[in-house]
Structures are given as C-alpha cells and as structure tokens.
Amino acid sequence: MAAIAAKKMSQASTHMGIAFGLMYVLTGSLAFGGLAAVLEPVINVALLPFHERGWHTLRMHFNARRRALIAAEKVSQTMMHALIAFATLYAATGSLAFGGLAAVLEPIINVIALPFHDRLFDRHVLRRAHASA
C-alpha cells in the first residue's frame, strides 16, 4: 500500500514539474509557473478518479467494444487535461493564446511522459519494495 501511495505522489510531482516547466517557458514568470504547478495537477488528480470510474463502468457494460472504449478513454483523458490546462493558464494570465498553447502542449507532454514514469517507477521502486518485503 505504501508503494502505491509513493507512486501516486511521484506521479503528482512529475505532473507538477511538467506544469511548472511549461508555464514558466510560456510566460517567463516564476509566479505563473508556480501557480500552474499547484493548480493544474491538483485539479487533474482530483478529477481523474471520477473520469476513470466512469470509463470503467462503460467498459463493463460494453465489453464487446472494450478496445474502442479504452482508446476513447485516452482521448477523453487528453481532452480533460487540455481543458484544465487552458483554464488554468487563461485564469492566471487572461491570455487566450497562452491558454490555447498550454491546452495543446501540456496534455501531450503528460501523455508521453507519465507512461515512461510509471514503467520506470514500477521497474525500479516497486521491484525494490517487493524484494525487501
């Protein structure tokens, strides 16, 4: 159980780092980068379990279309990230351009980076946790 909590905290930290880095690069502001690093991942982490639960229910009801629903879930998850990234940066800067750029770049970076994070975490951290138990 501790390993799962550590993985979630590590995912949140990675997400925060991505949000901070992207927003800092876009705005040049530590304040906006910091605001985005806190707000955007927290909102995503809070909403993601509800999103996953809803898609899990759909997959259970429509088992014959399971693969299509998994693909649709990933598209939906990316769109949710894009909307939250847009709203966060737009609220912070008032700029539709910055909001739009964040909406495109932030989800793409996370969708690419987080699976690598999870594989590395599972390979190194969870393996050590199981070996020492």
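Lys7 counts as buried because its relative accessibility is 18%, where buried means under 20% relative accessible area, exposed over 50% and partly exposed in between, with a 1.4 Å probe and protein chains only. The model is predicted, so local features need pLDDT of at least 70 and side-chain atom pairs count only at pLDDT 80 or more, while totals for chains, interfaces and linings use all residues. Residues are numbered from 1 along each chain as its sequence is written, and side-chain values use heavy atoms, with hydrogens and water left out.

The protein has four helices and zero strands, and its pattern along the sequence is α-α-α-α. Helices (H or I, at least four residues) and strands (E, at least two) are DSSP runs, numbered from the N terminus. Along the principal axes, the C-alpha atoms fill a box of roughly 45 × 40 × 20 Å. Of the 133 residues, 30% are buried. The accessible surface comes to about 8300 Å², and 72% of it belongs to carbon and sulfur atoms; accessible areas come from the Shrake-Rupley method with a 1.4 Å probe, and for residues only the protein chains shown count as cover. Contact means heavy atoms within 4.5 Å. Among contacts between residues at least 6 apart in sequence, 61% join residues at least 24 apart.

Side chains of opposite charge can pair when their charged atoms come close. A salt bridge is taken as a side-chain nitrogen of Lys or Arg within 4 Å of a carboxyl oxygen of Asp or Glu, and by this rule there are two salt bridges. In one of them, Lys7 is joined to Asp122, with 2.8 Å between the closest N and O atoms. This pair links distant parts of the chain, since Lys7 is in helix α1 (residues 2-27) and Asp122 in helix α4 (residues 96-132), 115 residues apart. Asp122 counts as partly exposed because its relative accessibility is 32%. Glu73 forms a salt bridge with Arg59, and here the closest N and O atoms are 2.4 Å apart. Glu73 lies in helix α3 (residues 66-93) and Arg59 in helix α2, so this pair ties together parts that are 14 residues apart in sequence. Glu73 and Arg59 are both buried.

With a relative accessible area of 13%, His117 is buried.

In soluble globular proteins, nonpolar side chains tend to be buried together. A nonpolar core is defined here as a set of buried Ala, Val, Leu, Ile, Met, Phe, Trp, Tyr and Cys residues joined through side-chain atoms within 4.5 Å. Leu22, Met23, Leu26, Ala36, Ala85, Leu89 and Ala102 make up the largest such core, which has seven residues. Helices α1 and α3 are the elements that give two or more residues to this core, and α1 gives the most, with three. One core member, Ala36, is in contact with Ala19, Met23, Pro41 and Thr88 when neighbours within four places in sequence are left aside.

On the surface, Met16, Leu35, Val38, Leu39, Val42, Ile43, Leu47 and Phe50 form a nonpolar patch, together having about 650 Å² of accessible area. Patches are made of residues with over 30% relative accessible area and no salt bridge, like charges being joined within 9 Å and nonpolar side chains (Val, Leu, Ile, Met, Phe, Trp, Tyr) within 5 Å. Helix α2 (residues 30-61) gives the most to this patch, with seven residues. Leu35 lies in helix α2 and counts as partly exposed, at 36% relative accessibility.

The structure holds two aromatic pairs. The ring centres of Phe20 and Tyr24 are 5.9 Å apart and the planes are at 10°, so the pair is stacked. Rings of Phe, Tyr and Trp (its six-membered ring) pair if their centres lie within 6.5 Å; planes under 30 degrees apart count as stacked, over 60 as edge-to-face and the rest as tilted. Phe20 and Tyr24 are both in helix α1, four residues or about one turn of the helix apart. Phe20 is partly exposed at 30% relative accessibility, and Tyr24 is partly exposed at 35%. The pair of Phe86 and Tyr90 is also stacked, with ring centres 5.7 Å apart and planes at 5°. These two residues are four residues apart in helix α3, and therefore about one helical turn separates Phe86 from Tyr90. Phe86 is partly exposed at 26% relative accessibility, and Tyr90 is partly exposed with a relative accessible area of 37%.
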